[in-house]
Amino acid sequence: MEPTWAYGWMIVQGAGWTLALVLTVIPVGLLLGLMGAAAKLSPFAPLRWVADGYTTFIRGIPELLIIFLVFFGGSRALMWLLEGLGLPDVRIDINPFVAGVIALGLVQGGFATEVFRAAIQSVPRGQIEAAEACGFTRWQVFRHVTLPQVWRIALPSLGNLLQILIKDTALISVVGLADIMRNAQIGAGATKEPFTFLLMAGALYLMITTVATTGITLMEKRANRAYRRA
Amino acid sequence: MRWDLIAEAAPDLLEGTWVTLQLLLIPLAFATALSIPLAIARVSRLWWVRALPAAFIFVFRGTPLLVQLFLIYYGLGQFETLRDGFLWDNILRHAYWCAMIAFTLNNTAYIAELMRGGINAVPHGEVEAARAYGMSGLQAYRHVILPRMWRIILPAYSNEVVFSLKATSLASVITVLDLTGQAKVYYSMYYEPYDFFIAAGAIYLVLVFVVTRILRGVEWQLNRAFRPPKTMAAAAQDDAPGAAPRGVANTTPAA
């Protein structure tokens with residue numbers, strides 16, 4: 001195969017890693033987001049402070065810095081731990097994929113916390129009051145009234161976060177993951193045609209983003225099926 | 001925390017902060033200026049006027065900033081005609097200017113999309129009133145639509161500025177010595193990730209705080225017309241128990 005084609009195919013294979021990263025981070029981010037929102041709305045003040053600190057941290061620090069902290073710092077942390085346990089000369093390197101999942105999971109969790117908090121708080125008060133008047137306990141109100149609606153309200157913002165996630169995965173190439181960006185750079189290095197390969201990478205990202213957005217729109221339509229023509 | 005190392009790195013970190021601020025403010029200024037005509041074109045009724053801005057925004061919002069950055073820094077070097085041209089030596093060869101260009105283009109796309117939403121959200125009555133007064137399109141934009149748009153957009157715009165600030169850290173990947181770049185240099189010298197990256201992170205947090213404060217001040221200024229009045233009668237009403245603050249949010253007539 002002619003070099004450009006061969007490396008081009010490599011870029012598409014890199015998309016496998018990108019998609020793996022995205023699909024792994026989504027549940028991590030959603031879980032952290034739900035926990036964070038619960039913490040933020042909790043009556044227990046220290047829990048609120050921790051959650052507030054978490055979101056302030058994540059919203060204020062560049063994703064790249066968090067990736068560096070997790071990738072370079074994580075290895076150090078594990079080595080330090082092992083030193084304490086009596087194994088001083090062991091060298092650990094964290095897999096860039098795992099570092100990426102942790103870092104991007106933290107970032108997505110931070111943003112998702114805000115999204116879920118806003119969604120939980122914007123469930124119409126009247127419905128909650130009606131449920132309480134019917135004798136529901138606080139937990140029952142949450143489970144039967146609030147939670148089913150949170151999904152519908154949060155979905156557009158979560159779609160936004162998904163777009164951001166897809167683009168942030170490109171950053172993991174900086175710490176060595178063989179994703180779209182990394183393979184594009186390898187191809188560019190081999191054929192001395194960086195523009196061509198980067199353009200291919202860009203087109204691939206556009207395709208992934210478009211598919212993701214279409215999926216989210218379909219989910220939105222289905223979640224809002226009771227509210228059409230509102 | 002090795003404070004001695006941080007103290008040693010501090011001057012360079014501050015120098016990096018200065019570069020970060022340049023990478024934030026200059027592209028932001030140009031992007032905001034460029035976005036206005038782009039957004040106005042984007043909301044045009046004529047499809048062929050909308051098409052190009054829509055495509056630009058779609059591409060620059062849909063691809064990662066890293067791709068755009070690399071395309072300009074590494075990609076443009078592929079073309080011999082560019083390499084021989086005069087643009088090369090002065091601008092395109094330097095990572096700093098490539099980063100500036102990439103950030104400007106990227107910010108333009110995001111801000112233009114914000115402005116599109118803002119322009120569409122201007123109350124239609126105000127636009128109709130402007131037309132009724134005989135204002136041309138340009139006059140309507142200048143006197144009515146754009147000022148209103150700014151007030152609508154400002155919270156999302158300040159969000160955008162914060163994202164821009166965080167995005168400047170990507171310049172470190174193409175060897176620009178911004179705050180992240182300096183932190184990375186010191187990390188590779190001493191292999192102490194926490195000290196330097198956390199110090200850099202703290203500086204970013206301070207920057208975000210300052211930027212948010214400034215923009216909130218601007219929001220306050222722009223909303224002067226909607227704050228409670230300062231007359232004695234109004235103040236007395238405010239002191240009465242159960243009084244609600246006046247303002248756009250409270251449209252029910254006072255008792």
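Of the 230 residues in chain A of this predicted model, 46% are buried, where buried means under 20% relative accessible area, exposed means over 50% and partly exposed covers what lies in between, with a 1.4 Å probe and protein chains only. The accessible surface of chain A amounts to about 11900 Å², and carbon and sulfur atoms contribute 67% of that surface; such areas come from the Shrake-Rupley method with a 1.4 Å probe, and for residues only the protein chains shown count as cover.

Chain A holds 8 helices and 0 strands, so that its elements read α-α-α-α-α-α-α-α from the N terminus on, helices (H or I, at least four residues) and strands (E, at least two) being DSSP runs numbered from the N terminus. Along its principal axes the C-alpha trace of chain A spans about 70 × 55 × 25 Å. Of the contacts (heavy atoms within 4.5 Å) in chain A between residues at least 6 apart in sequence, 77% join residues at least 24 apart.

Helix H4 of chain A covers residues 96-121. Its 26 residues should span 38 Å at 1.5 Å a residue, and the distance of 37 Å between its end C-alpha atoms agrees with this, the expected span being 1.5 Å times one less than the number of residues. H4(A) is mostly covered, with 20 of its 26 residues buried.

Most residues other than glycine have a negative phi. Lys192(A), although not a glycine, has a positive phi of about 60 degrees; Lys192(A) lies in the loop between helix H7 (180-191) and helix H8 (194-223) of chain A, and is exposed, with a relative accessible area of 64%. In chain B, Thr175(B) has a phi near 70 degrees, a positive value in a residue other than glycine. Thr175(B) is found in the loop between helix H8 (137-167) and helix H9 (179-190) of chain B, and is exposed at a relative accessible area of 56%.

Residues are numbered from 1 along each chain as its sequence is written, and chains are lettered from A and ligands numbered from 1 in the order in which they are written. Local features need pLDDT of at least 70 and side-chain atom pairs count only at pLDDT 80 or more, while totals for chains, interfaces and linings use all residues, and side-chain values use heavy atoms, with hydrogens and water left out.
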